[in-house]
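I opened this notebook to record what I looked up in one structure. The entries follow in the order in which I made them.

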Amino acid sequence: MAGKGTPATALLAKQKVAHVLHAYDHDPRAESYGLEAVEALGLDPARVFKTLVAEVDGKLTVGVVPVTGQLDLKALAAAVGGKKAKMADPAAAQRATGYVLGGISPLGHRSRLPVVIDASAEKFETVHCSAGRRGLEVELAPGDLVRLTGAVFAPIAG
């Protein structure tokens, strides 16, 4: 892997989880980080997931959804037993996770946050998500992603 590791890659190594890193040259003009990864790496967009941070009843919560979909905030709130959800302030998301926007991984957050992964991930042998910086994706089994993040699967993509 070119460059230094991330908290996500360190966690994967420490836990000895089978994974593959996929690096590409990030274009700062890209409008969608997830779709940029799909195009740069030639991946199936249904298997590439973006990590979004929302606030559910005042508590930061992570939603992981396919890059081609949108996060259903009502479904995210329901998945964690909450009532109301809204997208988190970008600065708060970066502080809590330790990552920059476009590079937020569901793994290795600075603060332990609830994580909900869209149920569509369960149908794939492996999925791709950010490895903790723009231009770096990690491919791993959805079950390993759940185990390492304490996540739950729920239909949260709209």
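**Entry 1: cores.** I took a nonpolar core to be a set of buried Ala, Val, Leu, Ile, Met, Phe, Trp, Tyr and Cys residues joined through side-chain atoms within 4.5 Å. Buried means under 20% relative accessible area, exposed over 50%, and partly exposed in between (1.4 Å probe, protein chains only). The model is predicted: local features need pLDDT of at least 70, side-chain atom pairs count only at pLDDT 80 or more, and totals for chains, interfaces and linings use all residues. Residues are numbered from 1 along each chain as its sequence is written, and side-chain values use heavy atoms, with hydrogens and water left out.

The largest nonpolar core holds 29 residues, of which Leu12, Val53, Leu107, Ile117, Val138 and Leu145 touch the most other members. Elements giving two or more residues to this core include helix H1 (7–14), strand E2 (49–56), strand E3 (59–66) and helix H4 (90–97). I use DSSP runs for helices (H or I, at least four residues) and strands (E, at least two), numbered from the N terminus. A second, separate core has 11 residues, among them Leu71, Ala75, Ala77 and Val116.

**Entry 2: valine 53.** I listed the contacts of valine 53 (heavy atoms within 4.5 Å). Beyond its neighbours within four places in sequence, valine 53 meets Leu60, Thr61, Val62, Met87, Ala88, Ala93, Thr97 and Ile104.

**Entry 3: helix H4.** Which residues of H4 are buried? I found Ala92, Ala93, Ala96 and Thr97. Seen down the axis of H4, these buried residues fall within an arc of 115° and so line one face of the helix; the arc is that of the directions from the helix axis to the C-beta atoms. They pack against E2 and E3. Just after H4, glycine 98 takes a positive phi of about 85°.

**Entry 4: the sheet.** I traced an open sheet of 5 strands in the order E4-E2-E3-E5-E8, with mixed pairing; two strands pair if DSSP finds at least two bridges between them. Strand E4 (85–87) and strand E8 (152–154) are the edge strands, each pairing on one side only. E5 (residues 115–118) and E8 run parallel and are joined by 3 bridges. Valine 116 stands opposite valine 152 in E8.

**Entry 5: valine 17.** Leaving out residues up to four places away in sequence, valine 17 touches Leu12, Asp144, Arg147 and Leu148.
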